[in-house]
Amino acid sequence: MQATRTLLSRQTLTLLTRQPACFVHHGDYGNWGNTNIAVVFSGCGWWDGTDVHEGVYTMYHLSRNGANFQMFAPNQQQAVVMDHAKKQPASGENRNMMAEAARFSHGQGVTQMQDLSKLDVNNFDGIIFPGGHGIIKNLSSFAKDGKDCKLHGDVERVLKEFHRSRKPIGLSSMAPVLACRVLPGIEVTMGYERDDNTRWGNWPHTSMVQAVKNMGARHNGREPYEANVDEKNKVVSTPAFLWETDYHYHYIFDGIGNMVKHVMRMSTK
């Protein structure tokens, strides 16, 4: 008996030393390398591109759940460049969305940033748009035109193609405005419908809720750690940093994790 236990212990040790540490901690929906998710960025930074936290949290949860992912961004100039310290436009600066979004990449393998115009729906099982003001300034004209906004051509193309192909679409914070504009009748969340200030945070972007309703979407209130799941249309959304908080980022982390898990679940159907 002792000899058998020793042999099993050696076999277990050998197995674990051949695997990455996360082998024993994988996520709930991972299909370990067989699921490919496209992630679309709009620059780098909350005020003029993709929010850094939302982008990183998305990639973390995709990795934790065993997905392969490829990053994309439009190879075009940003609508505006913001000084994030002063929260105002940076005078005389021009930046490229794809070049700025490449800050999210370590430049290794297939996760290197690619031109959004090259995104082929046939190569992916789902798509995710992390939030940030780049959604309403770079990927659409929502910041100027509200509910009547126009979308960047490739953004509109890929949203319609993934929806038509019955492949899941993940959206965080401001990103639902993109899908609501071109996919009428979908169900999303952008958090609370009114600004209820609490000791933990508040909801200063509630005007967006009315805008997506006016686009024909159905809105459901959700907490920042929750995700709204539209099973019929395969659209998953989470409020993320539409909820403003000074310290409680773990709620947003958990909400994006729930969004990613549902996108993964739907991608395997």
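Tutor: In the largest nonpolar core, which has 69 residues, the members that touch the most others are Phe41, Leu62, Leu119, Ile127, Phe129, Leu159 and Leu178. Such a core is a set of buried Ala, Val, Leu, Ile, Met, Phe, Trp, Tyr and Cys residues joined through side-chain atoms within 4.5 Å. Helix α9 contributes the most to this core, with seven residues. The model is predicted, so local features are taken at pLDDT of at least 70 and side-chain atom pairs at 80 or more, while totals for chains, interfaces and linings use all residues. Residues are numbered from 1 along each chain as its sequence is written, and side-chain values use heavy atoms, with hydrogens and water left out.

Leaving aside residues up to four places away in sequence, Phe129 contacts Val40, Leu139, Val155, Val158, Leu159, Gly170, Leu171, Ser172, Ala175 and Leu178, a contact being heavy atoms within 4.5 Å.

Helices (H or I, at least four residues) and strands (E, at least two) are DSSP runs numbered from the N terminus, and the chain has nine helices and eleven strands. The 19 residues of α9 should span 27 Å at 1.5 Å a residue, and this agrees with its end C-alpha atoms, which are 27 Å apart; the expected span is 1.5 Å times one less than the number of residues. The buried residues of α9 are Ile252, Gly255, Ile256, Gly257, Met259, Val260, Val263, Met264, Arg265, Met266 and Ser267. Buried means under 20% relative accessible area, exposed means over 50%, and partly exposed lies in between, using a 1.4 Å probe and protein chains only. These buried residues of α9 pack against β1 (36-40), α2, β6 (126-129), β7 (169-172), β10 and β11.

The side chain of Arg265 meets that of Glu231 in a salt bridge, 2.7 Å from N to O. Glu231 sits in the loop between β10 (228-230) and β11 (235-238) and Arg265 in α9 (residues 249-267), so the pair ties together parts that are 34 residues apart in sequence. Glu231 is partly exposed at 39% relative accessibility. A salt bridge here is a side-chain nitrogen of Lys or Arg within 4 Å of a carboxyl oxygen of Asp or Glu, and the whole structure contains ten of them.

Asp154 is buried at 19%, and Arg157 is partly exposed at 23%. Lys160 bridges to Glu156 with the closest N and O atoms at 2.7 Å, and these two are four residues apart in α6, again about one helical turn. An α-helix has 3.6 residues a turn, so residues three or four places apart point the same way. Lys160 is partly exposed at 32%, as is Glu156 at 25%.

The whole structure has nine aromatic pairs. The rings of Tyr57 and Phe253 have centres 5.2 Å apart and planes at 80°, so this pair is edge-to-face. Tyr57 lies in α2 (residues 52-64) and Phe253 in α9, so that the pair links parts of the chain 196 residues apart. Tyr57 is buried at 13%, whereas Phe253 is partly exposed at 25%. Phe241 and Tyr249 form another edge-to-face pair, 5.1 Å centre to centre and with 85° between the planes. Phe241 is buried at 9%, and Tyr249 is partly exposed at 28%. Rings of Phe, Tyr and Trp (its six-membered ring) pair if their centres lie within 6.5 Å; planes under 30 degrees apart count as stacked, over 60 as edge-to-face and the rest as tilted.

As for confidence, the mean pLDDT of the chain is 88, and 84% of its residues reach 70 or more; pLDDT is the predictor's confidence in each residue, from 0 to 100. Over residues 15-26 pLDDT stays under 50, and the model has six contacts beyond four places in sequence for them. Where pLDDT is low, the predicted coordinates should not be read in detail.
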